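Here is a friendly briefing to read alongside the sequence and the 3D view. It begins with a sheet and then widens to the core, the domains and the chain contact.

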Amino acid sequence: MNDVNTKTPQATLKSCWSCKGPTPVAALFCQTCKAVQAPAAVTHFVRLGVEQSFDVDVAGLGRLYFDLQRQLHPDRFATKAPKERALSQQQATALNDAYETLKDPLKRADYLVHILGVNVLPEGCNLVRDQSILIEAMEMREKLAMADTMDALNAIQRETKAEIDDVLTGLSLAFRGDDIEGACQLTTRLKYLDKMMGEVRQGRARLL
Amino acid sequence: MAQILQIHEPGQSPVPHQEDAELAVGIDLGTTNSVVAISSEGKIEVLKDDDGQALVPSIVAYAPDGSAIVGELAKRLLLSRPDSVVSSIKRLMGRGAEDVRSLGGQLPFDIEPQHEGESQLVRLNIGGHTLTPIEISADILRALKDRAEGHLGAKVEKAVITVPAYFDDAQRSATKDGARLAGLEVLRLVNEPTAAALAYGLDKGAEGLFAVFDLGGGTFDVSLLRMQKGVFQVLATGGDAALGGDDFDHAIAEHFLTERQADLGETGLSGGEVKVALMTGRLAKECLSTEDSGEWVLTVDDHQTKHRLDRATFEGLIKPYVDRTIKICHEVLTEAGFDPLDVKGVVLVGGSTRVPSVRKAVASYFGSEPLADIDPDQVVAVGAALQAEALTVGSDTLLLDVTPLSLGLETMGGLVEKVIPRNTPIPVAKAQEFTTFQDGQTAMAIHVVQGEREMVDQNRSLARFTLKGIPPMAAGAAHIRVTFQVDADGLLTVTAGEETSAIEAQVEVKPSYGLSEDEMSTMLYDSMKNAKDDMELRLLAEARVEAERAMLAVRSALQADCSLLSVEEREDIGGQMDKVIVAIKGTDRDAINTAAEDLDNATRVFAEKRMDKGIRDALTGVSMDKLETTIGDGESA
């Protein structure tokens, strides 16, 4: 019974800004007076109510996000007191941040590595440890520079798309196997491939 | 004391003066025409004048005494007194005099030179009066407000106003300032294509991926939205804030004026000639949308010239503009990762979509006939009215919009560092860290820009400010954190601070091309005899909302935990609540605020007791859990 205080009620309860009564720290609305609360300091996964994992069901994530925005968006508070409007804006901002991060595989991987490996690899995924990634990126770039027809660009796009799919499968395995180092390298590769797709799109726009 | 709880159930307390609060209109403040509409219980009415006209021409004539005449009458004065009449003012919103000169073409505006100490905001000379685009827009908004009040027989003080999706921060701020001058509180600025989508989604039940093609008098927007089950999610938006039907008029006018100069051997053109040519250009455009050809006469200074134009020539003249709209559609789709065939339907908005070659181009690009079931001139106001109702009465509809243009900061070498990329869902907040580049540097200039280009001078400058008081440190040691925050109206606030010293500067980004607070107050004072009363009324309304909020909170707390109080404590709180109720009914703002503060003080002990109880309850819960786990562990061991 000595360590009852490891999870102190003070850490799970806070005082509501409006009615001043106790309410859970992560509550969106005060349990007593229903006033909207400031966003809690939680991960994007907790904020949207999904399990922390690389394998996110994006359609399901969208539904959770819409349901939360329906309750918290500033449009619901347009005629409320300034403080409530400000808090709703903070909540909606936090939701947008969470959804934008988790719905995109690259941002999700980047974020997961960051929260998982924060003590192991503080530099995140920006460090290229693998020479082969750099060489691959340079080769792709050369190919892109030579591509001057739509067909050539489409071929590069297909190739890049296939590689992205491979990397995503690899990422899923790496995260499930707690292979943070591996996930980190794959994330770095995904960044290059993503940039490549962007450049292919720009190249197509130029040819049109 | 029993009466305290009987007064109202939590959440059901009537807001005082609710009748007023619910009257919110939707306004489409257009370049050529403006429209006001109201929605009540889902029934939408576009408000018309005595002649049955819904469209109010966005044209203002100024009488010698400075009073404004708005709409059809002003339009009629355009030919006889061109110097006292102003049209297409929306094109100048949030613009500086230099921008306006660089907008190109023959603009029918007489620009005043900028005086020392004034903001860069453009000022026009109209019939001897110096006016900003904000004031002129305010006159149009006032006319719309009058129309609504006449229809409803009640005061209208709240509105949802639409702006082109591609409007930048300065243009949005200017619109909001105009509304404030006109005595309207803007509940929300809604993007025009989003409003149109709302009208189609709610009224026609459209679902799926839709594009909204909005070609108005002076602005072009295209937005890509996913509509499903009451959610309107904008995926991407693009456009040109200076491309519209006006350009078609200009193209024809220039064609006619070139012919006229050849005929008469003139060289210089008078402002009057340009206005008359533009007016004729517009007539020719409208005529050629249904006819194959026609002949027009330009009469200025007793010189008459005749001009023939057929549809093929007209379409040739406007082709560069139409091509540009399609190119922008393509860019928006590509960036969002879609193909024209993925789009389930294209909604047409704006009077300029009546031009047949525009419709043809849209149909050919998207591969389907565009939708125009709701009048393209009224659909935006209808959507704005629906949103005004949703914001005041409440609704399940959700509008999720994006930033149209990237927001960034100037860095070394005149480069732009993007902080918030375009098409980011709003509201959004993003921070970027910078550092000092000289030893002992104590200040840092911060230049906020908007646009997609890499160099600062190719983008739009929104504001400059200086963060001062940085403690002297070695170069690179300071941590300057600049935070950009965009609200649901698409308006930007920038804050900057030094992390280690906690100094902070905050700017609401409007100075470059907006009105300063001083200019605003003067204009408010000048434009409304009772400007002060108006401000006072607004503050009073705010005090009431805040006091109501406090009352609701206390009522909920009493209902949950009233057993924690002694009889005296309950009576004390009850007495304070009665005082707040009385104060809210009155019109003394200070009395309301004081009563609310007293109530806050009277409930302080109550709040402490509630927190204590909450923690006690939670402790009990934790102990029980702990106990159970201990027992469980013991059994399994």
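Predicted model: local features only at pLDDT ≥ 70, side-chain atom pairs only at ≥ 80, totals over all residues.

**A sheet in chain B**

In chain B, 5 strands make up an open sheet with mixed pairing, in the order E17-E12-E13-E14-E18. Its edge strands, each pairing on one side only, are E17 (345–349) and E18 of chain B. From one strand to the next, the twist averages 25°. Strands here are DSSP runs of E with at least two residues, helices are runs of H or I with at least four, and both are numbered from the N terminus. Two strands pair if DSSP finds at least two bridges between them.

Residues are numbered from 1 along each chain as its sequence is written, and chains are lettered from A and ligands numbered from 1 in the order in which they are written.

**Inside the sheet**

- Strand E12 (residues 208–215) of chain B is joined to E13(B) by 8 bridges and the two run antiparallel; they form a hairpin with 4 residues between them.
- Across that pairing, Phe213(B) stands opposite Val222(B) in E13(B).
- Strands E13 (residues 220–228) and E14 (residues 231–240) of chain B pair in the antiparallel sense over 9 bridges.
- Val222(B) has Gly238(B) in E14(B) as its bridge partner, and Gln228(B) has Val231(B) in E14(B).
- The hairpin of E13(B) and E14(B) has 2 residues between the strands, and Lys229(B) in the turn has a positive phi of about 45°.
- E13(B) is largely enclosed by the rest of the structure, because 7 of its 9 residues are buried (20 or more other C-beta atoms within 10 Å of a residue's own; exposed means 12 or fewer, partly exposed lies in between, and C-beta atoms are placed from the backbone).

**Nonpolar cores**

- The largest nonpolar core has 191 residues, and Phe213(B) and Val347(B) are among those with the most contacts inside it. Such a core is a set of buried Ala, Val, Leu, Ile, Met, Phe, Trp, Tyr and Cys residues joined through C-beta atoms within 7 Å.
- H12(B) gives the most to this core, with 10 residues.
- Beyond its neighbours within four places in sequence, Phe213(B) is in contact with residues including Val222(B), Cys329(B), Val347(B) and Pro370(B); contact means C-beta atoms, placed from the backbone, within 7 Å.

**Domains of chain B**

- The domain assignment, automatic or from a database, gives domain 1 (18–243 + 324–400), domain 2 (245–319), domain 3 (407–519) and domain 4 (529–611).
- Between domain 1 and domain 3 of chain B, the C-alpha centres lie 30 Å apart.
- In strand E23 (residues 460–467) of chain B sits Ala463(B), which counts as buried because it has 21 C-beta neighbours inside 10 Å.

- Chain A has 8 helices and 2 strands, running α-β-β-α-α-α-α-α-α-α from the N terminus on.
- Of its 208 residues, 34% count as buried.
- The contact takes 36 residues from chain A and 42 residues from chain B.
- Elements of chain B that each supply at least two residues to this side include helix H14 (531–561) and helix H17 (604–636).

Definitions and conventions. Contact = placed C-beta atoms within 7 Å. Axes fitted to C-alpha atoms, helices over the stretch in contact; angles between N-to-C directions.
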